[in-house]
Amino acid sequence: MAVLPILQFEDKIAETVAENPVVVIIGETGSGKSTQLSQILHRRGYTRSGAIAVTQPRRVAAVTVARRVAFELGSRLGEEVGYAIRFEDRTSDKTCIKYLTDGCLLRESLSNPELNQYSVIILDEAHERSLNTDILLGLMKRLINRRSSNLKVLITSATLDGVKVSRFFSGCSVLNVPGTLFPVEKLYSTERPTNYVECCLKTALDVHVREPPGDVLIFMTGQDDIDKMVFKLEERIQNLEEGSCMDAIVFPLHGSLPPELQIRVFSPAPPNCRRFIVATNIAETSLTVDGIVYVIDSGFVKQRQYNPSTGMYSLDIVQISRVQADQRAGRAGRTCPGKCYRLYPRTVYDEEFLDATIPEIQRSSLAGSVLYLKSLSLSDIDILKFDFLDPPSRESLEDALRQLYLIDAIDENGQITEIGKAMAELPLEPSLARTLIEANELGCLSQALTVTSMLSAEVAIRPTHSKNKEKKRKQSFSKLPDGSGWGDHIQLLQVYESWDRADYDPNWCTDNELQVRSMTFSKDVRKQLSQIVQKIGKGSLDVESGMRQKKSDKDYKKLRRALCRGYGNQLAERMLHHNGYHTLGYRSQLVQVHPSSVLEADEDGQLPDYVVYHELINTSRPFMRNVCAVEISWVQPILKKLEKMNIDKLSGGSGASENTETIENKTINSPMQAVDASGTPGSLDSKIQAARERYLARKAKR
DNA sequence: GAGCACTGC
């Protein structure tokens, strides 16, 4: 095997690390940084004073790289070299090189904020800018200055943002390590296509007819387009004149494909046959397909983003960044020189594309991250001024604080509460963590563990009922429960319990069109959560009760009540004369129950007056996904809290040091004002009053 | 009456 480029730099790296607490290593694909950096520092004696931690954004990467390094060092996995990912810790007392996901290191930092067991921490693939890596970058910057022992931090990054990371760490050293990629010729379109599926199709056929052997990787945005493309491409290839060119096979590749269909792309093409792989951005970083010589890049990606001013997610098709475009092109140059067909003009790449993809931290709800940072109780840290490489907006941080306050994780002064501390221990979104704690108080912990695990694993249930008569025939085969009218959370509980009655048979999942993968995942989550709540409750909690008991509505009442508390920041009230809802929060939104919901209307066709929702998603319209019916008496205490909420106090008075303009703005837009669904501001007091009146009016009508 | 990219504790 050829010597990895990074080994030629061994002395230089060791020297730089010896002299500097932080070093940025810019290493292209194939430089060997992931496997070699840890070994170099191990050889130089850094494992004598502690272990070397190497973080990865993905689980598979942590496992495969650890395996490789153990092999190279001739040791058994789990001894000298080990890894830790969720549900699996393969390390021992002997472990001195530990690969772990960035999320795992964050968890470790919760119980040991100084991370004293490590002499070196390497944040690998930092250019991917995962939410967890970004938080770690901030924590590392702080740790460097605080830890008395000799901590070394290495950050690996791609070419473009190396300088920026260096600047973040007060101009630390940057080392460049070349990679082993072959040149990729980039071919641009003269204009942007009006129909990019057709354009991809045409380009793919051109490559097939004109270019020498080599597989083709096509980047598209989602499952629908991929399926369309696969179908059309197969059809067109069949119609080509026989013998005019080589054979071809076409594979789809995306995340929701079952694993056995995903791995098909790893077997090489049969002789005299070209493979076409039509993929989402899963093929950009997560899965590496060998044999690719041609890449067709649509220039688009589907991206989920959170809008803190509405509390809503949307899934948008957006233009990729230059970093992303180059990453895609690089996929053609792994085994020999390649070609990349960019279905956009050069000027679009140069002038319209962003330098780098907007980091996740600026596209997500930050409630979980803010709670995590608060629970580290770093007394010297003000959350609104936490030193991020790319700070999230103030609006987004304030949104997180409001959410945390409404579910009792922080008090009115922004201090973390006992409840908040317990929530941070749980590897769940804050709302679900809060639900578990409340469920324990109310005596329905076991059920809540099931529901939160199912939501955490994002188990998708196919439609179980339909008013459409044509589909009625199909329905008779359906054995899946329907949530007894209370909504999707209850259905998830019932589905899991049915699986339990089937002794967790994977075939039961397939028979019911449930993904085995996600069901198994939810079982693992449930087990992990049970262990953690047992630890918090000192082993006295009932985490298994009633799984196979027949449930009555009364049983669900406690659970729904716990959910109402947990989703105190995600409540909605139905509007008087129809089945639309408006959210009850800092800013009200007009929303509808997602059509996939099993929530039932009463005999008058009216949906429940109050619901909680798991998420707001703006697709063709704003929808609440996963809803559960709750009762007004449970909602009222939360509305009172909303009324008391004061963002200036929640943010710990840090507004005082902001510039004057912001302070003035704050005073004018008092957070005590809420905008109701019609867009008119009104005090929350009057909102609650109005809600009560509407409720009474409805009651009288019945 | 809609349709979900990708990760992770």
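In what order do the 8 strands of the open sheet with mixed pairing stand? The order is β4-β3-β5-β2-β6-β7-β1-β8. This is a predicted model, in which local features need pLDDT of at least 70 and side-chain atom pairs count only at pLDDT 80 or more, while totals for chains, interfaces and linings use all residues. Residues are numbered from 1 along each chain as its sequence is written, chains are lettered from A and ligands numbered from 1 in the order in which they are written, and side-chain values use heavy atoms, with hydrogens and water left out.

**Sheet with mixed pairing**

- β4 (88–90) and β8 (173–177) stand at the edges with a single partner strand each, so one side of each has no neighbour in the sheet.
- The twist from one strand to the next averages 20°.
- Strand β2 (residues 51–56) runs parallel to strand β5 (residues 97–101), and 5 bridges join them; isoleucine 52 has isoleucine 97 of β5 as its bridge partner.
- Helix α2 (residues 33–43) packs on the sheet and touches β1 (22–27), β2, β5, β6 (118–123) and β7 (152–157). The direction of α2 makes about 145° with that of β5.
- Helix α5 (residues 131–146) lies across β1, β2, β6 and β7, at about 145° to β6.
- Helices (H or I, at least four residues) and strands (E, at least two) are DSSP runs, numbered from the N terminus. Two strands pair if DSSP finds at least two bridges between them.
- Axes are lines fitted to C-alpha atoms, for helices over the stretch in contact, and angles run from 0 to 180 degrees between N-to-C directions.

**Sheet with parallel pairing**

- Another open sheet has 6 strands in the order β9-β16-β13-β10-β12-β11, with parallel pairing.
- At its edges stand β9 (184–188) and β11 (247–253), each with a single partner strand, so one side of each is left without a neighbour in the sheet.
- Strands β13 (residues 292–297) and β16 (residues 338–342) run parallel and are joined by 4 bridges; isoleucine 296 has tyrosine 341 in β16 as its bridge partner.
- Helix α8 (residues 223–239) lies across β10 (215–219), β11 and β12 (273–279), running at about 175° to β11.

**Buried residues**

- Helix α14 (residues 418–425) has Gly420, Ala422, Met423 and Ala424 buried (under 20% relative accessible area, with a 1.4 Å probe and protein chains only).
- These buried residues pack against α4 (102–111), α12 (367–375), α15 (430–442) and α20 (516–536).
- Methionine 312 is in strand β15 (residues 312–319) and is buried, with a relative accessible area of 6%.
- Beyond its neighbours within four places in sequence, methionine 312 is in contact (heavy atoms within 4.5 Å) with residues including Gln305, Gln589, Leu616 and Pro622.

- Of the 26 residues around DNA strand B, Arg59, Gly255, Pro595, Thr619 and Arg625 come nearest; a residue is near if one of its heavy atoms lies within 4 Å.
- Sugar and phosphate make up 68% of the atoms of DNA strand B that come within 4 Å of the protein.
- A phosphate oxygen of DNA strand B is 3.1 Å from a polar backbone atom of glutamine 223.
- A base nitrogen of DNA strand B is 3.4 Å from a polar backbone atom of proline 427.
- α4 supplies the largest share of this surface, 3 residues.

Terms used
Buried < 20%, exposed > 50% of the residue type's maximum accessible area, 1.4 Å probe, protein only. Polar contact = N/O pair within 3.5 Å; in protein donor to acceptor, adjacent residues only side chain to side chain.
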